[in-house]
Amino acid sequence: MIDVINNKYFNLYNESFSYLLYIMDNGQLGHLYYGDSLGKIDENTADYIAYSKNKASGTVKYSPDLASFTLADHMQEYPTYGTSDYREGAISLSRGDEVLYPDFKFKSYKITHGQKRDLAMPQAYGDDCDNLIITLVDEEKELTLDLTYTIFPELTAVVRKAEITNNGKDSIEIQNLQSNVLSLPDSNYDFLQLSGAWLKERHIKKRPLEQGITKIESLRGASSHQENPFAALVARDATNDTGRIYASNLIYSGNFITQAEVDEWGTCRLMSGINPATFTWRLNSGEHFTSPEGAVFYTNSGYNGLMRQTHAFARDHVIDSKWKTKKRPIVINNWEATYFDFNEEKLVSLAKRAADLGAECFVLDDGWFGHRDTDRTSLGNWIVDKKKFPNGLAHFSDYVHQLGMQFGLWFEPEMVSPDTELYKKHPDWVVRHPYKRASIGRGQYVLDFANPAVVDNIYHQMLAILSSVKIDYIKWDMNRNITEAYSSYLKKLARLQGEFFHRYILGVYDLYSRLLKKFPDLLIEGCAGGGGRFDLGILYYSPQIWPSDDSDAVERLDIMTGTLLAYPLSTFSNHVSAVPNDQVKRMTSLNFRQDVTCFGPLGYELDLNKLSQDELNKIKANISWYKKNREILVQGDFYQILPVGTKNNTYAWAVSRNNQQIVGFYRKLARPNETLDHYLPLKDLNEKTNYLINGKQKLSGKVLQTFGLREPYQFNGSNLDTAQLIGDFQSYIYQINSQNI
Ligand code: DGJ
């Protein structure tokens with residue numbers, strides 16, 4: 001609901017939260033409150049909340065007319081640096097060589113209902129959402145700023161975006177236009193980020209907020225392996241189920257910044273948006289520019305409360321809703337099975353074996369085009385390699401379909417290898433500075449997706465393949481980041497090079513949008529050397545993303561735990577791979593690998609022809625079990641049972657749907673004589689219902705929630721006969737099915 005009180009206060013609320021903003025004494029937009037629901041409030045209450053007589057000593061005042069008013073001590077909705085507030089602002093503009101200090105005053109507002117899904121740009125959608133659009137103007141500088149707030153009846157999320165319009169006759173330059181701004185009256189939080197590197201993405205890292213700026217960012221042209229746009233402010237006493245957490249995420253895939261600034265009074269300003277370090281945009285007279293959307297979240301129920309918000313938001317308002325019911329196929333991917341060393345015959349035998357075991361989609365990974373026998377060649381010329389497919393690719397795809405499986409194909413649309421026609425014919429289509437030296441990554445260059453002609457060329461090349469071969473699934477890879485960012489196209493148009501990074505991402509979205517408009521049923525799996533572009537922008541088009549090139553199940557425990565704070569189970573695909581694992585050379589049992597990968601969309605990525613009969617039987621049994629439980633494992637509500645930490649040895653994950661649950665218990669390293677009886681208390685069960693645990697033990701919901709599930713017995717030095725878990729890398733799956741009493 002959105003209430004406007006006396007044209008001064010805006011109360012955005014539902015049963016679980018309120019977000020209150022107002023017009024401050026100077027006419028600008030101030031922030032008052034974000035937290036548990038205050039319900040409907042009247043003017044008297046709003047005045048009480050807004051009343052403040054603190055004397056911000058030592059500060060510069062906003063204007064001689066408002067002698068005791070300073071922006072320095074006010075929580076603001078869209079702050080500007082340098083107009084009595086010295087914190088970093090959400091907006092920076094200039095006109096010619098003059099820095100502008102905008103002074104946006106409230107002019108009007110509009111409330112609308114609903115938001116359509118539109119492929120042109122990733123943005124939250126929903127039939128039932130309410131949108132508040134507040135128009136602010138700076139008359140003197142001839143600028144308009146529209147701030148949009150969107151809320152949903154069932155969520156605490158507030159979605160935001162900012163749009164600036166240049167009403168003057170001279171152009172302006174935008175150096176900064178943030179998406180999210182959240183002001184908090186305190187800073188007693190840890191800053192939680194999802195960080196890592198290639199092969200170890202989105203590990204949870206936490207550090208206490210202190211006076212000054214705590215920030216994460218990407219300058220790589222993609223949201224990156226190293227940092228994720230998601231960040232949370234976690235109350236120091238928060239647990240899995242209690243405590244306040246505020247979080248922020250962007251529906252954006254390019255260079256970003258997310259930062260929290262704590263001022264001298266201990267208040268905190270969280271902001272997130274396009275990274276200003278690599279951004280400038282020229283706005284000519286009459287033009288407008290809109291920031292990507294961002295969302296902030298609030299919970300008073302710890303990490304599980306946070307995940308309920310972030311998961312529902314992504315699932316119901318970002319990812320295409322059709323993927324809530326359409327099943328995600330169990331994939332067999334040939335990458336780790338063959339790498340580049342394959343021909344049709346080899347793939348046929350892999351496909352046959354996979355179909356026998358119950359796999360549902362054969363994904364042909366890198367190496368099917370040009371003369372791509374190594375990763376140094378052929379990107380950008382998307383023509384089937386006749387040596388590997390003498391009968392054409394359609395022949396192989398038809399064969400896969402005859403086996404009853406779907407067919408998926410790998411592309412890396414944004415890249416070009418120097419040995420291709422495309423590169424030779426269009427050297428100016430490559431992202432590189434006119435300098436002689438250009439950095440190279442994996443032997444390849446990045447195509448200038450800021451140039452619509454480049455996107456168009458790649459679209460038509462992909463279209464040719466997609467129209468001649470039956471393809472159900474695309475894996476969209478992106479294996480290097482951008483360096484020496486420079487676009488000859490922008491130069492020709494006399495546009496600023498500072499526009500490049502954002503225009504590049506718009507080009508990526510454009511290609512996604514054109515493909516999906518033409519092939520609406522295509523399942524596109526996002527990928528960027530694994531998890532180098534795992535964000536809500538990509539999820540808008542790709543309902544799932546390959547989360548890491550590290551397929552080691554032990555490493556995945558941490559990657560999945562971190563990823564799950566911001567993104568639901570349905571968003572990351574997990575593949576069972578061979579041992580020793582290719583990335584870390586670790587040995588783990590097939591049971592362990594299958595027990596980890598079954599949470600979320602499942603796949604296999606290993607040479608099935610090299611497995612023993614016993615292993616094949618286990619895979620077949622797992623696939624058939626997974627098919628029966630896929631709905632709960634992919635679309636169920638996830639919660640953590642053991643404390644979410646940064647360096648865990650044990651993990652207990654639960655997923656629930658329709659009064660059924662599946663619990664996965666994992667221990668990385670065995671510890672001698674460590675545990676006797678430990679219990680895992682469950683949630684979200686019906687107290688009065690009886691549940692059958694793994695088809696054997698019957699327990700009531702009340703017992704399972706108050707006493708808990710008994711942890712499986714670990715070998716403790718002498719109980720070999722009764723131990724359920726032995727050695728390192730232990731796992732155990734509990735299936736909890738309701739039984740009416
Ligand atoms: C990186 C991806 O993450 C891998 O899964 C695989 O597709 C390779 N690229 C292929 O080059």
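This report describes selected sheets, domains and individual residues of a predicted model.

## Domains and annotated regions

The domain assignment divides out two parts of the protein: domain 1, covering 2-321, and domain 2, covering 650-740. The C-alpha centres of domain 1 and domain 2 are separated by 42 Å.

An unreviewed UniProt entry carries the annotation "domain: Glycosyl hydrolase family 36 N-terminal" for residues 27-284.

Four strands make up an open sheet, arranged in the order E1-E2-E3-E4 with antiparallel pairing. Strand E1 (2-5) and strand E4 (29-35) each have a single partner strand, so one side of each has no neighbour in the sheet. On average, neighbouring strands of this sheet are turned by 15° against each other, direction ignored. Helix H1, residues 43-50, packs on the sheet and touches E1, strand E2 (9-13), E3 and E4. The direction of helix H1 makes about 100° with that of E2.

Strands of a sheet pair through backbone hydrogen bonds, in either a parallel or an antiparallel sense. Here, E2 and E3 pair in the antiparallel sense over 5 bridges, and Tyr9 has Tyr22 in E3 as its bridge partner. These two strands, E2 and E3, form a hairpin with 4 residues between them. Strand E3 (residues 18-23) also pairs with E4, again in the antiparallel sense, over 6 bridges; Ser18 stands opposite Gly35 in E4. The hairpin of E3 and E4 has 5 residues between the strands, and Gly27 in its turn has a positive phi of about 90°.

## The covered strand E3

How many of the residues of E3 are buried? The count is 6 of its 6 residues, and the strand is accordingly described as mostly covered. In a regular strand the side chains alternate between the two faces of the sheet. In E3, Ser18, Leu20 and Tyr22 point one way, while Tyr19, Leu21 and Ile23 point the other way; all are buried.

## The sheet of strands E32 to E37

A further open sheet contains 6 strands in the order E32-E33-E34-E39-E36-E37, with antiparallel pairing. Its edges are formed by strand E32 (637-640) and strand E37 (697-700), each of which pairs on one side only. From one strand to the next, the twist averages 25°.

Within this sheet, strand E33 (residues 650-657) pairs with strand E34 (residues 660-667) in the antiparallel sense over 8 bridges. Trp653 has Gly664 in E34 as its bridge partner. Helix H11 (residues 553-566) packs on the sheet, where it touches E32, E33 and E34, and the direction of H11 makes about 50° with that of E33.

## Residues of the annotated binding site

The unreviewed UniProt entry gives a "binding site" annotation to several residues, including Trp198, Asp365, Asp366, Arg442, Lys475, Asn479 and Cys527.

Arg442 is located in the loop between helix H6 (421-425) and strand E26 (445-446). Its relative accessible area is 24%, so Arg442 is classed as partly exposed. Beyond its neighbours within four places in sequence, Arg442 is in contact with Trp335, Asp366, Arg372, Asp375, Arg376, Glu412 and Asn479. With Asp375, the side chain of Arg442 makes a polar contact to the side chain at 3.4 Å.

Lys475 belongs to strand E27, residues 473-476. Is Lys475 buried or exposed? Lys475 counts as buried because its relative accessibility is 3%, under the cut-off of 20%. Neighbours within four places in sequence aside, the contacts of Lys475 are Asn333, Asp365, Leu409, Trp410, Phe411, Glu525, Cys527 and Trp546.

## Two further loop positions

Thr280 sits in the loop between strand E18 (268-274) and strand E19 (281-283). At 19% relative accessibility, Thr280 counts as buried, since the cut-off is under 20%. Apart from residues up to four places away in sequence, Thr280 touches Glu173, Ile174, Gln175, Leu496, Gly498 and Glu499.

Lys610 is found in the loop between strand E31 (602-605) and helix H13 (613-635). With a relative accessible area of 67%, Lys610 is exposed. Lys610 and Ala337 are 273 residues apart in sequence, and their C-alpha atoms are 9.5 Å apart in space.

Notes. Residues numbered from 1 in each chain as written. Predicted model: local features only at pLDDT ≥ 70, side-chain atom pairs only at ≥ 80, totals over all residues. Heavy atoms only, no water. Buried < 20%, exposed > 50% of the residue type's maximum accessible area, 1.4 Å probe, protein only. Contact = heavy atoms within 4.5 Å. UniProt positions renumbered as here; feature names shortened; annotations may be inferred. Polar contact = N/O pair within 3.5 Å; in protein donor to acceptor, adjacent residues only side chain to side chain. Pairing = 2+ DSSP bridges. Axes fitted to C-alpha atoms, helices over the stretch in contact; angles between N-to-C directions. Domains from an automatic or database assignment.
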